[in-house]
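Take a look at the chain below.

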Amino acid sequence: MGSQGKGIVNPLSLVAAALVILMLAATTAGCTGTDRQDDGKIVVAVTIPPEQEFVERVGGDHVRVILLVPPGADPHTYEPPPGVIADLAGADIYAVVGSGIEFELAWKEKIAAMNPGMLIVDCSRGIDLISTGEEDHSGTDPHIWLSPGNAKVMVENICQGLIEVDPANADEYRRNADAYQGELDALDREIAGALAESGVEKIMVYHPSWAYFARDYGLEEIPIENEGKEPSPRGIEHLIKQAKEEHITVIFASPEYSTRSAEVIADEIGGTVVLVSPLAKDYLANMRHVAAAFAGSGSP
């Protein structure tokens, strides 16, 4: 998830892991992304769970997905076990989010080097990225998938990648992508209608994951976390004052992150903390849940 991450990956541990990867890769020499697996499926690696749904919806029975950051893990700091990385020696595609997730900043080049035959698909291609103004990370907000419109672009990039490595099934990939993109269009209309009817204009969140969502639907995201760090006591005091002034009674937090500061602010304003996940695999259902939570957070 990018420039707002809570921690920095330990460089020494990355070096050690890279050595392990190189040794494991040596034992799998000859097994590159250009070789089909025994079951004939296209092996696609993805970084986060929502991408897994995108690939499975487009690829259908023709794909097998390797998920690198499992459910509940923090993509800012997660380090994959050597066995998972070794599996990538046989992958045909690595569909990177491409927008500055810290996991990919740390691992993408190493993964690509161990499997030169693997196609790297940049799912962010064609998306207008939001700048964070920070220089110590990628400088862009990585949470592109949390916009149904952006998800459509990601699905298209995945479709084109599958067609490139498996042109024999191009027509099926195209049909599947078109059908899923139609569902994303319907989701977009549903969310826009619900939020417009609710009158909600501002959401206070612990982790600033929702900038693309907010941009799409005319919301203002007020983050508690600042550049990946917990707020200072003065910062919490300011947020409490702002929440009261804006009549905010719901603080949104993610199950993947700490809820401590969100609970402190909620207690002070007589509000509640509601969990919304930016990383759930069931994308359509999760985004409907998130939209309903945001829409229901307005003043009665």
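Start with a helix pair. Ile236, Leu239, Ile240, Ala243 and Lys244 of α8 meet Ser261, Val264, Ile265, Glu268 and Ile269 of α9. By class, this contact of α8 with α9 holds seven nonpolar, one polar and two charged residues. Keep in mind that the model is predicted.

How do the two helices sit against each other? Helix α8 covers residues 233-245, and helix α9 covers residues 260-269. They pack at an angle of about 45°, and their axes are 10 Å apart. That angle makes α8 oblique to α9. The crossing of α8 past α9 is right-handed.

Now turn to the interior. In soluble globular proteins, nonpolar side chains tend to be buried together. Here the largest nonpolar core has 74 residues. Those with the most contacts inside this core are Val44, Trp145, Leu162, Trp210, Phe213, Tyr283 and Phe294. Which helix gives the most to this core? Helix α10, residues 283-295, does, with eight residues.

Another core lies apart from the largest one. This other core has 16 residues, including Ile222, Ile224, Ala243 and Ile269.

Back in the largest core, look at valine 44. Not counting residues up to four places away in sequence, valine 44 touches Val55, Val63, Arg64, Val65, Ile66, Ile93, Ala95 and Leu162. Leu162 is itself among the residues with the most contacts inside the largest core.

Is each of them buried or exposed? The table gives the relative accessibility and the class.

| Residue | Relative accessibility | Class |
|---|---|---|
| Proline 80 | 7% | buried |
| Histidine 247 | 55% | exposed |

The cut-offs explain the classes: buried means under 20%, and exposed means over 50%.

Proline 80 sits in the loop between β2 (63-67) and α3 (82-87). What does proline 80 touch? Leaving aside neighbours within four places in sequence, proline 80 is in contact with Leu68, Ile85, Phe103 and Trp107. Valine 69 is 11 residues away from proline 80 along the chain. The C-alpha atoms of these two residues are separated by 7.2 Å.

Histidine 247 lies in the loop between α8 and β7 (250-253). What is the phi of histidine 247? It is near 60°, a positive value in a residue other than glycine.

Technical notes
Residues numbered from 1 in each chain as written. Predicted model: local features only at pLDDT ≥ 70, side-chain atom pairs only at ≥ 80, totals over all residues. Heavy atoms only, no water. Axes fitted to C-alpha atoms, helices over the stretch in contact; angles between N-to-C directions. Helix = DSSP H or I, 4+ residues; strand = E, 2+ residues; numbered from the N terminus. Parallel < 35°, antiparallel > 145°, perpendicular 65-115°, else oblique. Left-handed = near helix turned anticlockwise from the far one by under 90°. Contact = heavy atoms within 4.5 Å. Nonpolar A, V, L, I, M, F, W, Y, C, P; charged D, E, K, R; others polar. Core = buried A, V, L, I, M, F, W, Y, C linked by side-chain atoms within 4.5 Å. Buried < 20%, exposed > 50% of the residue type's maximum accessible area, 1.4 Å probe, protein only.
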